[in-house]
Amino acid sequence: MSETSRLDAALYLAARGGRVFPLHGVRPGPDGRLACTCGKPGCKDAGKHPFGRLAPNGLSNATNREHIIRHWFTAEPLANVGLATGNAVVLDVDPRHGGDASLSALEAEHGALPPTVRALTGGGGEHIFFRPPAGMEIRNSAGDSGGLAPGLDIRGAGGYVVAPPSLHLSGRSYEWSVDHHPDEVTAADMPAWLVALLAQPASGAGRAPSEWRQLVAEGVGDGGRNAAVTRLSGHLLRRYVDPEVTHELLQAWNMARCRPPLDPDEVTKTFASIARKELKRREAANGARR
């Protein structure tokens, strides 16, 4: 991949509001096989970790300032393009760990993902881009450590993805999906069911009591309703409020405080997703104590 194409790709993303930074790339090693440009033998994160000489603070150096981007990708022609997430949330599907099967199962249960921007990864997977829900920060979540599902990772606030046309250790490039190119479609809102599945029951544990009182008393408008139902579900269930009581309280709060109210079935679906997650957490905690 030429210097110009990497540079153009980084500027393309920056012009659309993305913040980018240089990652180590891959190149042929002494044995002719592709290896990470960091020079570390057997690098476990080849072509995916920050290029420290140019961006010593890694993700914290991510920017959309043109002159900095031009310097980086002119100085290091083989640098891969890192794209900071947070303003966009990326569902990372890794079929090597069952991600395609996990996503198919989730879509069968909850409905197909909406049309949105997608990129094909050099490892044979997919990056699916969404706008985060209003009023709710989506953070990184790894599928193999209690996250969404096997082979499904979330890259949100504090994370990044490798962006096209970076080169993977396999020798394949990251590419925008032809039918889901950012020139052709815009990033869709994250589906409510996906937001619900990602919400951690303890996510609101650090909130001040006054914040909860304000949420309950004042409610929320369109754009923040699903996130609010998700947070309230986790907050109440994590404090061992009876699930049936929690469900009834959420339905009553939705009708009284959401503007306009969500469909009751949608409230039930969101609550049920959080309840299942909380049940799994309790079972895991009980098992650990045995």
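Where is Pro165 found? Pro165 sits in the loop between strand S9 (160-163) and strand S10 (175-176). The model is predicted.

- Twelve residues from domain 1 and twelve residues from domain 2 make up the contact.
- The size of an interface is often given as the accessible area lost when the parts come together.
- Domain 1 and domain 2 bury about 930 Å² between them. Carbon and sulfur atoms carry 57% of that area.
- The count of salt bridges between domain 1 and domain 2 is zero.
- The interface of domain 1 and domain 2 also has zero residue pairs in polar contact, where both residues must have pLDDT 80 or more.
- On the side of domain 1 that touches domain 2, helix H3 (99-110) and helix H4 (192-198) each supply at least two residues.
- H4 gives the most to this side of domain 1, with four residues.
- By class, the side of domain 1 that touches domain 2 has seven nonpolar, four polar and one charged residues.

**Backbone at the loops**

- Most residues other than glycine have a negative phi, and most peptide bonds are trans.
- Pro164 and Pro165 are joined by a cis peptide bond, with omega about 0 degrees.
- A cis peptide bond also runs from Arg259 to Pro260, with omega near -10 degrees.
- Pro260 lies in the loop between strand S13 (258-259) and helix H8 (264-289).
- Tyr240 is not a glycine, yet has a positive phi of about 60 degrees.
- The loop that holds Tyr240 runs between helix H6 (225-238) and helix H7 (243-257).
- Is Tyr240 buried or exposed? Tyr240 counts as exposed because its relative accessibility is 54%, and the cut-off for exposed is over 50%.

- Arg118 is placed in strand S6 (residues 118-120).
- Arg118 has a relative accessible area of 13%, so this residue is buried. The cut-off for buried is under 20%.
- Which residues does Arg118 touch, not counting those up to four places away in sequence? Arg118 touches Leu113, Glu126, His127, Ile128, Trp176, Ser177 and His180.

Note on methods: Residues are numbered from 1 along each chain as its sequence is written. This is a predicted model: local features need pLDDT of at least 70, side-chain atom pairs count only at pLDDT 80 or more; totals for chains, interfaces and linings use all residues. Side-chain values use heavy atoms; hydrogens and water are left out. Buried means under 20% relative accessible area, exposed over 50%, partly exposed in between (1.4 Å probe, protein chains only). Contact means heavy atoms within 4.5 Å. Buried area is the accessible area (1.4 Å probe) that two parts lose on being put together, summed over both. A salt bridge is a side-chain nitrogen of Lys or Arg within 4 Å of a carboxyl oxygen of Asp or Glu. A polar contact is a pair of N or O atoms within 3.5 Å; within protein, one must be able to donate a hydrogen and the other to accept it, and residues adjacent in sequence count only if both atoms are side-chain atoms. Ala, Val, Leu, Ile, Met, Phe, Trp, Tyr, Cys and Pro count as nonpolar, Asp, Glu, Lys and Arg as charged, and the others, Gly among them, as polar.
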